[in-house]
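Morning, everyone. I have one structure to walk through today. Please have a look at it before I start.

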Amino acid sequence: MAGEKKKTVVRSGGGQKWTDDSLLEWDPSHLRLFVGNLAGETTDESLYKAFSRWKSLQKARVIRDKVTSKSKGFGFVSFSDPDEFFSAAKEMNGKYIQSHPVVVRKSTTEIKPQVVKDKHHGGKWNKNKNNKNKNRSGNGSGAGGRENSYEPHLGPAGGGVTKPGAKTKDGLRLLG
């Protein structure tokens, strides 16, 4: 099983990268709309029905919490025809689906399936493979090896972990 390759979609945001297999169920050639402010009782079927007057509608999905399976209040719909995609976006924005007026925008997530190695077996996405403890000084003081030193804006550096920007005066933290 080591080095097993699988098809997935690599996503990034907030300085991190992760894989999202759930995006593989969407056809990358279709155009997707984000539908926000959905009522809690909205289902995939009712979302599909709300957009069903456009013949090129391919799929509708309400996003749910993995643990509670309650709606997160948004979903996606996909279209194969660009003209109907734009028409639906324009006409459905602000319209009511069940008890809520919805917000409709173009989905910004790009679906680019890639084949990656299983990340649990030292593949391309295993960040900590060769640089374990690279920047550690070993003394645990948080002062970068400067025991009994003094930082003018931080106070004494040898007494445990000092949070950057935590100003002290005679060992007391200054507030404000």
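In what order do the four strands of the open sheet come? This is a predicted model, so keep that in mind throughout. The order is β4-β5-β3-β8, and the pairing is antiparallel. At the edges sit β4 and β8, the latter covering 103-106. Each of those two pairs on one side only. From one strand to the next, the twist averages 25°.

Now the middle of the sheet. Strands β3 and β5 run antiparallel, and six bridges join them. Take G36 as an example: its bridge partner in β5 is F74. Then there is the helix. α2 packs on the sheet and touches β3, β5 and β8. The direction of α2 makes about 10° with that of β3.

On to the aromatics. A pair of rings is described by the distance of the centres and the angle of the planes. How many aromatic pairs are there? The count is seven. Look at F51 and F79. Their ring centres are 6.3 Å apart and the planes stand at 65°, so this pair is edge-to-face, the cut-off being over 60. F51 sits in the loop between α1 (44-50) and β4 (57-64), while F79 is in strand β5, residues 71-79. That is a separation of 28 residues, and the pair links distant parts of the chain. Are F51 and F79 buried or exposed? Both are buried.

Next pair: F74 and F76. Here the centres are 6.1 Å apart and the planes are at 90°, so this pair is edge-to-face too. Their surroundings need a closer look. F74 is partly exposed, with 24% relative accessible area. F76 has a relative accessible area of 14%, so it is buried, the limit being under 20%.

R32 lies over the face of F76, at 4.9 Å from the ring centre.

R53 takes us to the charges. Side chains of opposite charge can pair when their charged atoms come close. R53 forms a salt bridge with E91, and the closest N and O atoms are 2.7 Å apart. R53 lies in the loop between α1 and β4, and E91 lies in helix α2, residues 82-92, so the bridge ties together parts that are 38 residues apart in sequence. R53 is exposed, at 54% relative accessible area. E91 is partly exposed, at 29%.

How many salt bridges does a search of the whole structure find? Four. Two of them involve E25. Its bridge to K59 has the closest N and O atoms 3.3 Å apart. K59 is in strand β4, and E25 is in the loop between β2 (16-19) and β3 (31-36), 34 residues away. E25 also bridges to R61, with the closest N and O atoms 2.5 Å apart. R61 is in strand β4 as well, 36 residues from E25. How accessible are these two? E25 is partly exposed, at 37%. R61 also counts as partly exposed, at 28%.

One last point on the charges. E25, D44, K59 and R61 are linked in a network of salt bridges. That's my tour. Over to you.

Note on methods. Residues are numbered from 1 along each chain as its sequence is written. This is a predicted model: local features need pLDDT of at least 70, side-chain atom pairs count only at pLDDT 80 or more; totals for chains, interfaces and linings use all residues. Side-chain values use heavy atoms; hydrogens and water are left out. Rings of Phe, Tyr and Trp (its six-membered ring) pair if their centres lie within 6.5 Å; planes under 30 degrees apart count as stacked, over 60 as edge-to-face and the rest as tilted. Buried means under 20% relative accessible area, exposed over 50%, partly exposed in between (1.4 Å probe, protein chains only). A charge sits over a ring if NZ of Lys or CZ of Arg is within 6 Å of the ring centre and within 35 degrees of the ring normal. A salt bridge is a side-chain nitrogen of Lys or Arg within 4 Å of a carboxyl oxygen of Asp or Glu. Two strands pair if DSSP finds at least two bridges between them. Axes are lines fitted to C-alpha atoms, for helices over the stretch in contact, and angles run from 0 to 180 degrees between N-to-C directions. Contact means heavy atoms within 4.5 Å.
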